[in-house]
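Please walk through the model below with the sequence at hand. The paragraphs that follow take up accessibility, the sheet, some single residues and the confidence of the prediction.

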Amino acid sequence: MCNARPLYLHKKVTCPIHASILYIPSSSSSTSTSTKPNPLSTLKFLSSNRTTDPILSFFRKIPMATANGHSPPASRWSLHGMTALVTGGTRGIGLRSATVEELAGLGAKVHTCSRNEPELNECLQQWKAKGFSVSGSVCDVSSASEREKLVHEVASLYNGALNILVNNVGTNVRKPTTEYSTEEYLRLMSVNLESSYHLCQLAHPLLKQSGAGSVVFVSSVGGVLHIGSGSIYGLSKEFLSASGAINQLTKNLACEWAKDNIRTNCVAPWYTRTSLVEHLLEKKDFLQQIVARTPLQRIGEPNEVSSLVGFLCMPAASYITGQVISVDGGMTVNGFNPPINLD
C-alpha cells in the first residue's frame, strides 16, 4: 500500500493513496535497526493516540485484507442479491423457520416447491407476512418431467441464473431389507437420490451463469453409520453401489464443477424435530435411547440444521466444498460411553 519501513522506525513516507508525507514515530530519530523499541509500545501509541496525526488517520482507513488481497465486503455474511431453489421447502427440515426462512432471512430470493398445493399456499402467505421474498410452485420431484418444468420456471423467474440449490426433499419406509418391495425400492431411490441428481444436472447451467453457485444436499447420518432406519434410506441418502450416493456425489461434483465456480456440500442431520420422525419421537423409550446416544443429550431442532445450510451458501464459506458435515449433537463421534462410574 505504501513503501513504509517497519513501525518501530522513524521514517518519512510518501503515501500514494493520500499523497501526503507521513512520519512513523519512533523512540529514536535514528533509522538504525540495531536499537528497536518494544513493538508493544508502538501498538499502544497507535491505539491510544486519538489525535489528527496523519499516520493514525492513514492506518485507520486501511481495510483488513483477505487472502487474495481484496477487502472483505460486509456481504460475505449475507445472501442479499442471491437467488435460491429449495426443494421440499414446506415440510421436514424446510419447516418452521428452517431452510427457506433461513435463506430468505439472510436476504436471498427463494423459490420452493411442494406436492401439496394448500400447504404450499399457506406457507407462502406466512412468508409474505414476514416480509420474505419467497415464491413457490406445485411439483412432485420424483417426476422427471415436473423437475424439468420446475427448473424452467426458476430460470424464467431469475433470468437464467441461480446462486443456490438446496436438495432438501426426502422420504423413508422403515423395514428389514428382505421385506422391501420393488415398488418401495424404486420410490425411495427416485425421491431421495434420482431427484437430487437430476436437479443438479438441470440447474448446472443456471448455477454456472450466476458466477458463484452453491449446491447443498440434505441427507442423514444414516449413511455415515448404521442407525436402523432401513437399508434403502441409508443407501439412497448416502450410498450408491459400494462407494456412496449423495455423499460421494457431493465430493465428485465439488471436483468436477469447481472450474465453474460451483461449490457442493452436504448436511447430514441426526434425529431432528420434523414431520418425518415426529411419530417416532412420541415414543418415550425410543426418544430416551436417542438422547442417551447423543453427547448433547437432546434431539436437534430444524433451525440448527438450516443455519448450517445458510452458512454454506454464504460468500464467507467460499473455500468450503466437497464436505459432508454431520449435525448430530456429537452422535457420530461418540464411542463407548458407559453409563456407570468406572472409578
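Buried means under 20% relative accessible area, exposed over 50%, and partly exposed in between, with a 1.4 Å probe and protein chains only. By that scale N261 is partly exposed, because its relative accessible area is 44%. This is a predicted model, in which local features need pLDDT of at least 70, side-chain atom pairs count only at pLDDT 80 or more, and totals for chains, interfaces and linings use all residues. Residues are numbered from 1 along each chain as its sequence is written, and side-chain values use heavy atoms, with hydrogens and water left out.

Helices (H or I, at least four residues) and strands (E, at least two) are DSSP runs, numbered from the N terminus. Two strands pair if DSSP finds at least two bridges between them. Seven strands form an open sheet in the order β5-β4-β3-β6-β7-β8-β9, with parallel pairing. The edges are β5 and β9 (324-327); each has a single partner strand, so one side of each is left without a neighbour in the sheet. From one strand to the next the twist averages 20°. For such angles, axes are lines fitted to C-alpha atoms, for helices over the stretch in contact, and angles run from 0 to 180 degrees between N-to-C directions.

Strand β6 shows how the pairing works out residue by residue. With strand β3 (residues 83-86), β6 pairs in the parallel sense over three bridges, and A84 has I164 as its bridge partner in β6. With strand β7 (residues 213-218), β6 pairs in the parallel sense over four bridges. There I164 stands opposite S214 and N167 opposite F217. Both faces of β6 are covered, with I164 and V166 buried on one side and L165 and N167 buried on the other. Contact means heavy atoms within 4.5 Å. Helix α6 (residues 182-210) lies across β6, β7 and β8, and runs at about 165° to β6.

S137 belongs to strand β5 (residues 134-138), and counts as buried because its relative accessible area is 9%. Its contacts, leaving aside residues up to four places away in sequence, are H111, T112, C113, S114, L120, L150 and E153. With H111, the S137 side chain makes a side-chain polar contact of 3.0 Å. A polar contact is a pair of N or O atoms within 3.5 Å; within protein, one must be able to donate a hydrogen and the other to accept it, and residues adjacent in sequence count only if both atoms are side-chain atoms.

What of the cysteines? A disulfide is a pair of cysteine sulfur atoms within 2.5 Å, and by this rule the count is zero. C139 is in no disulfide; its nearest cysteine sulfur, that of C113, is 4.8 Å away. C139 is buried at 4% relative accessibility, and C266 is buried at 0%.

Two loop residues have positive phi without being glycine. N159, in the loop between α5 (144-157) and β6 (164-167), has a phi of about 55° and is exposed, with a relative accessible area of 72%. N261, in the loop between α8 (246-256) and β8 (262-269), has a phi near 60°.

Finally, pLDDT is the predictor's confidence in each residue, from 0 to 100. The protein chain has a mean pLDDT of 77, and 67% of its residues reach 70 or more. Over residues 1-37 the pLDDT stays under 50, and the model has 63 contacts beyond four places in sequence for them. Residues 39-51 are also below 50, with eleven contacts beyond near neighbours in sequence. Where pLDDT is low, the predicted coordinates should not be read in detail.
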